[in-house]
Amino acid sequence: MGDVGSGTVIADKYRLDEHIGQGGMATVWRATHLSLGSSVAVKLLDVSGAKAARLRERFEREAKLAANIKHRNIVDILDFGLHDENHPYMVMELLAGESLGDRLAGETAITDAELFDIAAQVLSGLAAAHDAGIVHRDVKPDNVFLVRDADGVYPKLLDFGISRNVTPGKNDTRVTSTGVLVGTPLYMS
């Protein structure tokens, strides 16, 4: 997506302001909702080639599944659509803080009490996901974001890209091939 940069307007609603993250297949931007003037995070999928359709389908599933979980410890998905008719985007709440991975790699050691509190809240978010019939499948420190606000620090679970809806009777199209390893091996059970 070489045509996307700071100042690009997505869906006549979101102006990309600053590149804030990069993954294997997507970029994340701090953006402004033009009508409301509020700051949001916009995740843009950047794929092409033979696997593009499958990855777009997975990206849409991520948005739909995560949007249906309403919990303080799950990132809020606000919008989803297509930019330039071919590149999906997802709009999320803009979070202030750092990932648990960055916090653990930092110079200041995390205390046992902090870690237990974070773990309990992440488990509460996972319980809400499981109650909705969704299995995350990629829980790791980089997918836990420690939000800082006026009340302190609390975790939000991110990246439902390889999650699976296991609700009986739900038509959840399988986008992971049988025998294919998905997720982060060091964090798999």
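The chain has 3 helices and 11 strands, where helices (H or I, at least four residues) and strands (E, at least two) are DSSP runs numbered from the N terminus. This is a predicted model, in which local features need pLDDT of at least 70 and side-chain atom pairs count only at pLDDT 80 or more, while totals for chains, interfaces and linings use all residues. Residues are numbered from 1 along each chain as its sequence is written, and side-chain values use heavy atoms, with hydrogens and water left out.

Let me begin with the overall arrangement. Along the sequence, the pattern reads β-β-β-β-α-β-β-β-α-α-β-β-β-β. The chain contains 189 residues, of which 46% count as buried; buried means under 20% relative accessible area, exposed over 50%, and partly exposed in between, with a 1.4 Å probe and protein chains only. As for contacts, that is, heavy atoms within 4.5 Å, 55% of those between residues at least 6 apart in sequence join residues at least 24 apart.

I turn now to the largest pocket. Rolling a probe the size of a water molecule over the atoms shows where empty space is left. On a 1 Å grid over the protein atoms alone, a pocket is an open set of points where a 1.4 Å probe fits, with protein on both sides within 12 Å along at least five of seven lines, and lining residues have an atom within 4 Å of a point. The largest pocket holds about 1100 Å³ of space, the volume being the space filled by probe spheres set on the grid points, which are joined across faces, edges and corners.

Its lining consists of 35 residues, and Gly 23, Val 28, Lys 43, Asn 143 and Asp 159 lie nearest the centre. Two or more lining residues come from each of strand 2 (14-22), strand 3 (26-33), strand 4 (39-45), helix 1 (52-67) and strand 6 (87-93). Helix 1 gives the largest share, 5 residues. By residue class, the lining divides into 19 nonpolar, 8 polar and 8 charged; here Ala, Val, Leu, Ile, Met, Phe, Trp, Tyr, Cys and Pro count as nonpolar, Asp, Glu, Lys and Arg as charged, and the others, Gly among them, as polar.

The next topic is salt bridges. The structure holds 10 of them, each being a side-chain nitrogen of Lys or Arg within 4 Å of a carboxyl oxygen of Asp or Glu. One joins the side chains of Arg 30 and Glu 18, at 3.3 Å from N to O. This pair links distant parts of the chain, with Arg 30 in strand 3 and Glu 18 in strand 2, 12 residues apart. Arg 30 is partly exposed at 27% relative accessible area, and Glu 18 is partly exposed at 39%.

Which residues form a network with this pair? Arg 15, Asp 17, Glu 18 and Arg 30 are linked in a network of salt bridges. Arg 15 lies in strand 2 and is partly exposed, with a relative accessible area of 32%. The side chains of Arg 15 and Asp 17 are joined by a polar contact of 2.8 Å; such a contact is a pair of N or O atoms within 3.5 Å, where within protein one must be able to donate a hydrogen and the other to accept it, and residues adjacent in sequence count only if both atoms are side-chain atoms. Leaving aside neighbours within four places in sequence, Arg 15 is in contact with residues including Gly 7, Arg 30 and Leu 34.

A further salt bridge joins Glu 98 and Arg 148 at 2.7 Å, N to O. Glu 98 belongs to strand 7 (residues 97-99) and Arg 148 to strand 9 (residues 144-149), 50 residues apart. Lys 140 and Asp 138 also form a salt bridge, their closest N and O atoms being 3.9 Å apart, and both Lys 140 and Asp 138 are buried.

Asn 73 sits in the loop between helix 1 and strand 5 (77-83). Is Asn 73 buried or exposed? Asn 73 is buried, with a relative accessible area of 5%. The side chain of Asn 73 reaches the backbone oxygen of Pro 155 at 2.7 Å.

Finally, the backbone. Most residues other than glycine have a negative phi. Arg 137, in the loop between strand 8 (134-135) and strand 9, has a positive phi near 75 degrees. Asp 159 has a positive phi of about 60 degrees and is found in the loop between strand 10 (152-157) and strand 11 (164-165).
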